[in-house]
Amino acid sequence: MHEQQQQQTQYEPKIVAFLCKWCSSAGSDLAGVSRIQYPANATPITVMCSGSVSPQYILSAFNKGADGVLVSGCHIGDCHYMEGNYYARRKLYMVSELLQFIGVEPERFRMSWVSAAEGTKYAKVVRDFVEDLRHLGPQDKLKAQRP
Amino acid sequence: MTKKRTGVFVCHCGSNIAATVDVAAVAAAMAGEESVVCARDYVYMCSDPGQNSVIQAIKDNQLDSVVVSCCSPNLHEKTFRENAKAAGLNDFTCEIANIREQCSWVHKDRAKATAKAIRISLSAVKRVSRNLALEPIGIGVTRRVLVVGGGIAGIQASLDLANSGFEVVLVEKNATIGGHMIQLSETFPTLDCSQCILSPKMVEITRHPKITLMTSSEVQEVTGYVGNFRAKILKKATYVDPDKCKICDDCAKVCPVVVPNQYDLGISARRAIYIPFAQAIPASYTLDESSCLGLNPVVCGKCKDVCEAGAIDYDMQSRTVTEEIGAIVVATGFDLYSQDHLGEYGHLENAVDGLQFERMCSASGPTKGKVLRPSDHKEPKDVVFIQCVGSRDPARHCSYCSKICCMYTAKHARLYKHHVPDGRAYVFYIDIRSGGKGYEEFVQRTMEDDETLYLRGRVSKIYEDNGKIRVYGNDTLSGQNVEIEADMVVLALAMQPSAGTAEIAKTLKIGRDKDGFLQEAHPKLRPVESVTAGIFLAGAAQGPKDIPETVSQASAAAAKVVTLLSQPRLIRSPTVARVRSRLCTGCEMCVDACPYDAIHLENGKAVVNDVLCEGCGTCSATCVRAAIEVKNATPLQIQEMIGAVLSL
Amino acid sequence: MINLQELRTRARDLLTKGEVRAVVGYRRGSRGMAAEPVVITRPEEAAQLVWDPSCVHNLALYLVEDRKLLKHRRQTPDKPIAIVAKGCDARAIVVLLQENYFKREEVYILGVSCEETGVFSDQKLMRRFGVNSQALTDARFDGTDYVVTSAEGEQRCAAREVMAERCLECRQPFPKVNDVVLGEEKARTLEAPFAALGRFEQTANTQVARWDFWKRQFDRCIRCFACRSVCPMCYCEECIVDSITFTVAPDTTAEEKANRVRWIQRSATGSENIGYHMTRALHLAGRCIDCGECERVCPVHIPLRLLNTKLERDAREKFGYEPGASIEVASLVSSFRDDDPNDFIR
């Protein structure tokens with residue numbers, strides 16, 4: 001039992017974080033400039049707009065072994081491309097619903113609006129995410145079972 | 001694919017990165033990648049020696065692509081892309097891996113931070129290996145501007161542009177330019193005469209050699225893209241040749257038709273042939289076809305008979321002209337919220353709107369500057385001014401604040417007191433919003449010097465009673481109910497986009513916000529640009545604003561146009577979408593989703609206009625067939641980056 | 001009730017007058033009463049046409065096949081093709097028109113209203129009578145019950161006992177978009193919309209139960225792609241999930257071949273099967289009109305309708321979007337509303 005607990009605390013969830021260039025990646029930069037500390041589990045992939053994040057990217061990340069996937073964009077109304085995040089919200093809502101529908105833990109896919117001024121929020125989003133995923137343990141439902 | 005030769009350069013950034021990230025380990029990990037032929041770390045990659053070492057390494061190792069693991073790309077992407085270029089590579093063969101802001105500065109655990117830095121660097125290596133060498137897109141520019149709307153915004157923008165040396169085509173729907181400003185009596189906060197400050201600008205419009213003025217005209221169709229638009233403009237027949245018209249008024253004297261004059265908002269009358277007002281530009285009479293008896297000498301023909309100048313031509317035809325322009329300024333202005341929506345407030349005989357009141361106060365207006373109530377033309381002694389009529393009422397009317405009403409109501413109250421010194425002025429208000437230079441002082445003077453009674457509260461009931469208007473309200477500051485027997489009521493109606501705004505937005509393919517105002521490209525950073533490149537916004541068409549703000553925005557829009565059209569060629573980023581034609585079925589989902597209208601169908605396949613595309617990639621995530629992707633951010637690249645991110 | 005003779009006459013007249021080049025419809029199959037799709041091109045063939053509860057297929061698929069064939073032959077026909085279309089088939093055609101797969105004037109929709117009935121579920125027939133439609137010689141709906149004739153003689157049963165689940169839940173059994181329509185538009189109260197989905201959610205009401213259920217389903221999938229083949233919306237030349245459909249054209253470059261994105265591996269393992277079915281469901285969001293064909297043809301009986309109707313219900317409830325309702329509107333994923341759900345975002 002003790003040994004199991006030990007392993008539990010050592011488990012480091014892997015998170016792929018799709019950040020839009022203009023808001024969330026800039027917000028993450030601000031977290032850096034402000035030296036706000038957060039866990040190193042989320043590795044960012046900067047994309048031009050949250051609207052460019054295809055549902056395929058999320059499924060692919062889970063398939064390749066991500067324990068959690070984050071998509072973060074500009075707040076509604078602030079999209080650098082006007083409307084990209086509206087499209088993202090609609091598409092990714094369905095991804096999130098479908099994942100839950102087949103019994104994937106709802107905590108594994110997360111979306112956030114983080115503006116370029118919200119370094120603190122970005123750090124919190126990642127911190128919360130890592131915390132939630134630690135409780136869940138590794139994701140193996142969608143992970144490729146390759147020989 | 002031939003094997004890539006990538007170089008990875010890991011920066012210590014002094015101790016900014018190196019203190020937390022084992023930079024040597026990152027370089028070593030990258031060196032183990034198949035495509036990486038050279039990986040090294042250096043204390044300050046962005047220093048002169050650092051930059052030189054990158055250039056030298058590219059040459060020495062025949063690198064075809066470069067990854068620099070350092071700070072945010074916002075800081076030094078440009079620097080290192082220049083280095084790549086200096087070494088003979090294309091800009092886009094260089095990618096930045098952000099291991100400072102997004103890694104070393106936010107983590108303390110050295111092992112974890114190093115692992116993350118490796119993941120970030122590796123994903124950049126994966127990405128760069130499939131980057132295409134792209135050249136910036138250059139396009140030619142037509143150095144002419146179309147300004148839509150001849151109010152103060154359009155006038156100001158046109159003059160600024162013409163004075164900067166650009167040819168301007170100014171299109172106005174009505175028979176004269178001047179917009180709502182020319183209807184005003186005095187302007188806040190200085191109470192100078194509106195016509196006196198606007199008329200010289202209007203005259204300058206007609207005299208300016210660079211400005212072509214088209215009144216009674218409408219933009220029908222706009223095609224093309226930034227720098228290269230083509231506009232079809234309908235010039236409606238006015239049946240009077242402005243060049244011949246001597247504005248002698250002989251024609252109007254004999255015209256048998258009397259109709260309400262819109263310029264005075266119906267409180268005066270005009271003939272079918274008329275001049276909107278004395279200072280109208282162009283200075284010419286115009287024949288209103290809809291009220292004329294028939295444009296036919298057999299039916300009437302009186303005006304043509306008396307016109308000694310021979311300026312009247314019943315056979316004049318509307319015609320469409322085509323103009324080539326490089327940029328467009330939209331300044332289509334506002335209308336007052338219609339009293340039809342108001343229920344009990346609406347259409348009481350002695351309740352006038354703000355613009356009608358302006359006309360009354362104007363020395364050249366229908367009452368020659370006397371405040372007279374409409375029903376019996378007597379001087380009103382008790383006048384109630386009601387603010388926020390239609391504004392700030394999300395449940396029933398407009399949710400937004402119309403911004404100018406607090407100020408013009410204060411002005412109206414003062415003008416009234418100046419005209420009728422023994423009269424009593426009451427103002428019902430929700431809040432007083434008087435931000436602006438000299439504005440608060442102006443309102444204070446209205447209250448103190450001109451003894452206007454301000455009552456904080458909404459009017460609850462209003463009705464006509466025995467020739468008076470009974471106004472019930474609540475003064476929330478004293479907590480008492482208020483009842484006023486008024487001779488006249490002035491409604492500060494909400495501002496809304498002018499009637500043609502929806503149509504022009506559709507014609508120009510620019511968005512509107514939830515209230516119908518024209519949508520700016522970014523609420524903070526691009527407030528005078530529309531979503532469509534090359535189309536700019538000025539004045540109240542974009543949102544409620546007063547004259548100084550309108551003038552500023554018009555000049556800002558003009559400056560933006562000057563910036564755009566001063567470039568010898570327009571340079572656009574080449575990371576645009578491209579269609580994989582073979583896979584495209586022409587379903588048009590990308591066409592619908594594109595925020596820039598940059599995609600259209602040609603022979604059943606999507607085609608991207610490189611000039612309009614901003615490269616956001618919404619199209620690629622929308623397409624279920626993977627038939628459209630953004631260059632250098634393709635699904636294949638993202639997939640490999642995902643793999644890299646999860647590799648460790 | 002639909003007058004079969006009228007259907008045949010209409011089809012014959014269209015062909016006789018040369019108004020259409022072919023009619024896609026149903027004819028009696030080789031066993032029992034079970035209908036099969038048929039494409040007729042000569043007026044006399046119109047007598048073969050049938051319309052009864054065994055006409056289960058979504059014929060819109062054959063419009064897609066027709067398009068692909070024409071493209072392959074590089075032909076541009078001067079006449080439309082006619083199609084016998086139920087409510088669901090017509091909705092499928094609407095989606096295809098919405099996606100410009102063909103033009104409205106290129107298809108002549110001979111609508112048939114299901115009125116208050118629908119088509120059989122062979123599984124249900126087996127359960128109720130121990131035989132499927134291939135063993136029946138006749139079936140009709142008498143206004144309240146189904147009357148089926150088999151070797152056992154004439155038997156009666158309530159419609160819901162033998163009707164396909166999707167027909168019970170159907171909200172639009174009348175083909176709204178049509179050139180001519182037989183039968184009436186009638187109100188139905190057989191089953192609430194999304195009833196099967198609701199029942200599933202009540203049974204599998206925990207995350208664990210749902211995963212247990214779906215894992216079993218997806219593990220069974222043999223990736224025969226029958227669901228994809230029968231779906232009129234799966235008309236992509238190349239399916240993004242596998243390389244089987246990768247078409248090599250004369251202009252296909254080596255780079256293109258090398259740069260194919262392989263989102264999902266071909267092996268029929270659980271994880272890849274999930275990837276396939278999730279992708280398919282998402283690609284059908286706002287496009288699936290619930291003809292239920294994928295579920296009908298699945299050889300291992302994966303309840304695929306649940307996935308599709310789940311997203312259809314979300315589209316309807318959260319986005320006010322009804323697939324197959326209008327040719328003019330923008331697709332579900334290429335449009336948005338200000339009040340789309342936002343609560344799930346942090």
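Which residue just after α2(A) takes a positive phi of about 55°? That residue is A:Arg35. The model described here is predicted: local features need pLDDT of at least 70, side-chain atom pairs count only at pLDDT 80 or more, and totals for chains, interfaces and linings use all residues. Residues are numbered from 1 along each chain as its sequence is written, chains are lettered from A and ligands numbered from 1 in the order in which they are written, and side-chain values use heavy atoms, with hydrogens and water left out.

## Helix α2 of chain A

Helices (H or I, at least four residues) and strands (E, at least two) are DSSP runs, numbered from the N terminus. Buried stands for under 20% relative accessible area, exposed for over 50%, and partly exposed for values in between (1.4 Å probe, protein chains only). By that scale eight of the 10 residues of α2(A) are buried, so the helix is largely enclosed by the rest of the structure. The buried positions are A:Ser24, A:Ser25, A:Ala26, A:Gly27, A:Ser28, A:Asp29, A:Ala31 and A:Gly32.

## Chain B as a whole

Chain B contains 17 helices and 36 strands. Its radius of gyration is 32 Å, whereas a compact globule of 648 residues would have a value near 26 Å. This radius is taken over C-alpha atoms, and the globule rule is 2.2 Å times the number of residues to the power 0.38. Along the principal axes, the C-alpha atoms of chain B fill a box of roughly 95 × 65 × 45 Å.

Of the 648 residues in chain B, 58% are buried. The accessible surface of chain B is about 25800 Å², and carbon and sulfur atoms hold 50% of this area. Accessible areas come from the Shrake-Rupley method with a 1.4 Å probe; for residues, only the protein chains shown count as cover.

A contact is defined by heavy atoms within 4.5 Å. Among contacts in chain B between residues at least 6 apart in sequence, 69% join residues at least 24 apart.

Chain B has 72 positive and 74 negative charges, and their mean positions are 6 Å apart. Lys and Arg count as positive and Asp and Glu as negative, while His and the chain ends are not counted. Each charge is placed at NZ of Lys, CZ of Arg, CG of Asp or CD of Glu.

## Backbone exceptions

Most residues other than glycine have a negative phi, and most peptide bonds are trans. Chain B has a cis peptide bond from B:Phe188 to B:Pro189, with omega near 0°. B:Pro189 sits in the loop between β8 (186–187) and β9 (192–193) of chain B. The peptide bond from B:Ile281 to B:Pro282 is also cis, with omega near 0°. B:Pro282 belongs to the loop between β15 (273–274) and β16 (286–287) of chain B.

A:Met82 is not a glycine, yet has a positive phi of about 70°. Its place is the loop between β3 (68–73) and α4 (84–101) of chain A, and A:Met82 is buried with a relative accessible area of 13%. B:Asn632, also not a glycine, has a positive phi of about 65°. This asparagine, B:Asn632, is in the loop between β36 (628–630) and α17 (635–645) of chain B, and is buried with a relative accessible area of 2%.

## Cysteines

A disulfide is a covalent bond between the sulfur atoms of two cysteines. Here a disulfide is assigned to a pair of cysteine sulfur atoms within 2.5 Å. By this rule there are two disulfides over all chains.

| Pair | S-S distance | Torsion about S-S |
|---|---|---|
| A:Cys23 and A:Cys74 | 2.5 Å | about 100° |
| B:Cys193 and B:Cys196 | 2.4 Å | 85° |

The torsion of about 100° makes the disulfide of A:Cys23 and A:Cys74 right-handed. That pair links distant parts of the chain, 51 residues apart: A:Cys23 is in the loop between β1 (15–20) and α2 (24–33) of chain A, and A:Cys74 is in the loop between β3 and α4 of chain A. Both A:Cys23 and A:Cys74 are buried.

The link of B:Cys193 and B:Cys196 is right-handed as well. B:Cys193 is partly exposed at 25% relative accessibility, and B:Cys196 is exposed at 52%. B:Cys401 is in no disulfide, and the nearest cysteine sulfur, that of B:Cys406, is 6.2 Å away. At 30% relative accessibility, B:Cys401 is partly exposed. C:Cys55 is in no disulfide either; the nearest cysteine sulfur, that of C:Cys114, is 9.3 Å away. C:Cys55 is buried, with a relative accessible area of 0%.
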